[in-house]
Amino acid sequence: MRRLFIVGIAGASLLLSINAGAAGDAAAGKSKSAVCGACHGPDGNSSNPMWPNLAGQHAPYIVKQLKDFKSGARKDPVMAPMAKPLSDQDMENLAAYYTSQKQK
Ligand code: HEC
């Protein structure tokens, strides 16, 4: 009985940590976005028509594009080196930040 209880706790905390890993942290994303803001705007509203807005974009789409830039599935000489150093968690965090911004 006691053993089952301990296994249950371990299972629950594992699930919790998996959930925490999957959801993006917008505050962490914001601090990571300093370099991105040079082109995409500090709040994801780009001032240059050649650079896409990220404000209000769907988070899963942003994550997918970043993964594709990193893997080379989507090719862009500007974005490839931007995406390279990002971890999956960085991408989730950046996506959480940009999706929470208002498009202007
Ligand atoms: C030097 C300017 C520049 C910087 C810095 C930059 N980007 Fe980009 N980004 C671009 C350009 C240009 C594109 C469009 C690429 C294309 O035409 O495929 C783009 C595309 C994207 C897209 C895809 C948007 C879409 O609508 O498909 C995402 C997501 C993105 N950038 C995120 C980021 C993140 C996150 C960072 C910071 C880690 C960043 N970018 C830094 C210029 C930049």
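A residue counts as near a molecule when its C-beta atom, placed from the backbone, lies within 6 Å of it. Of the 17 residues around it, C36, C39, P52, Q65 and M82 come nearest.

A note on the source. This is a predicted model, where local features need pLDDT of at least 70, side-chain atom pairs count only at pLDDT 80 or more, and totals for chains, interfaces and linings use all residues. Numbering runs from 1 along each chain as its sequence is written.

Back to the shell. Helix α3, residues 34–40, gives the most, with 5 residues. α4 and α5 (79–83) each supply at least two. Helices here are DSSP runs of H or I, at least four residues, numbered from the N terminus. By class, the shell has 14 nonpolar, 2 polar and 1 charged residues. Ala, Val, Leu, Ile, Met, Phe, Trp, Tyr, Cys and Pro count as nonpolar; Asp, Glu, Lys and Arg as charged; the others, Gly among them, as polar.

Next, a helix pair. α4 (residues 59–71) packs with α6 (residues 88–99) at about 140 degrees, axes 8 Å apart. Those axes are lines fitted to C-alpha atoms over the stretch in contact, with angles from 0 to 180 degrees between N-to-C directions.

Last, confidence. pLDDT is the predictor's confidence in each residue, from 0 to 100. The protein chain averages 88, and 79% of the residues score at least 70. Over residues 14–21 the pLDDT is below 50. Where pLDDT is low, predicted coordinates should not be read in detail.

Technical notes: Two residues are in contact if their C-beta atoms, placed from the backbone, lie within 7 Å.
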